[in-house]
Amino acid sequence: MFYLTHPRQVTRVLRQFDADTTRTPALDISEDDKAYSVTVDMPGVAKDAVKVRVEGRRVHIETATAEAAAPTDGSRVLYRERRAASYARSFSLPVEIDQIQSQARFENGVLTLNLVKRVAENGGQLTIN
């Protein structure tokens, strides 16, 4: 069992939930002969805030959630656990990705990427001279 006995330990544990900390979202990657399928969990994120960039074999995913607005009806916040958060994740795949044929879908806080593998041009057998 783990006990927090020193104020520095408590601060260190709570720091991981700080709004300024970039979180690493959980992801699953699977593949078939033609494409990679990537599923990324990003709860509380708006679809418009998600940015996916593909550079060859490297995939970059970034997003940020907005800070909740302060109450305007004269009430005050007594306690808040939900905070603004930013998510970032990068990974490399074994084969380059065809950006034109690849697709991205974001639904209910889950980003689903269908990353089509790039087929080598001029593929085939070499002529021996």
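Predicted model: local features only at pLDDT ≥ 70, side-chain atom pairs only at ≥ 80, totals over all residues.
Visitor: What percentage of the residues count as buried?

Guide: Buried means under 20% relative accessible area, exposed over 50%, and partly exposed in between (1.4 Å probe, protein chains only). Of the 129 residues, 26% are buried.

Visitor: Which secondary structure pattern does the protein follow?

Guide: Helices (H or I, at least four residues) and strands (E, at least two) are DSSP runs, numbered from the N terminus. Along the sequence they read α-β-β-β-β-β-β-β-β.

Visitor: What is the strand order in the open sheet of four strands?

Guide: Two strands pair if DSSP finds at least two bridges between them. The order is E2-E3-E8-E7, and the pairing is antiparallel. Strand E2 (27-31) and E7 are the edge strands, each pairing on one side only. Neighbouring strands are turned by 10° against each other on average, direction ignored. For such angles, axes are lines fitted to C-alpha atoms, for helices over the stretch in contact, and angles run from 0 to 180 degrees between N-to-C directions.

Visitor: How many bridges join E3 to E8?

Guide: Seven, with the strands antiparallel. Alanine 35 stands opposite valine 116 in E8. Strand E7 (residues 103-107) and strand E8 (residues 110-116) are also antiparallel, over five bridges. Phenylalanine 106 faces leucine 111 in E8. The E7-E8 hairpin has two residues between its strands, and asparagine 108 takes a positive phi near 55° there.

Visitor: Why does serine 37 count as partly exposed?

Guide: In a regular strand the side chains alternate between the two faces of the sheet. Serine 37 is found in strand E3 (residues 35-41). Serine 37 counts as partly exposed because its relative accessibility is 30%.

Visitor: Which residues is serine 37 in contact with, leaving aside neighbours within four places in sequence?

Guide: Contact means heavy atoms within 4.5 Å. The partners of serine 37 are Asp28, Ile29, Ser30 and Leu113. Serine 37 and asparagine 114 lie 77 residues apart in sequence, yet 4.8 Å apart in space, C-alpha to C-alpha.

Note on methods: Residues numbered from 1 in each chain as written. Heavy atoms only, no water.
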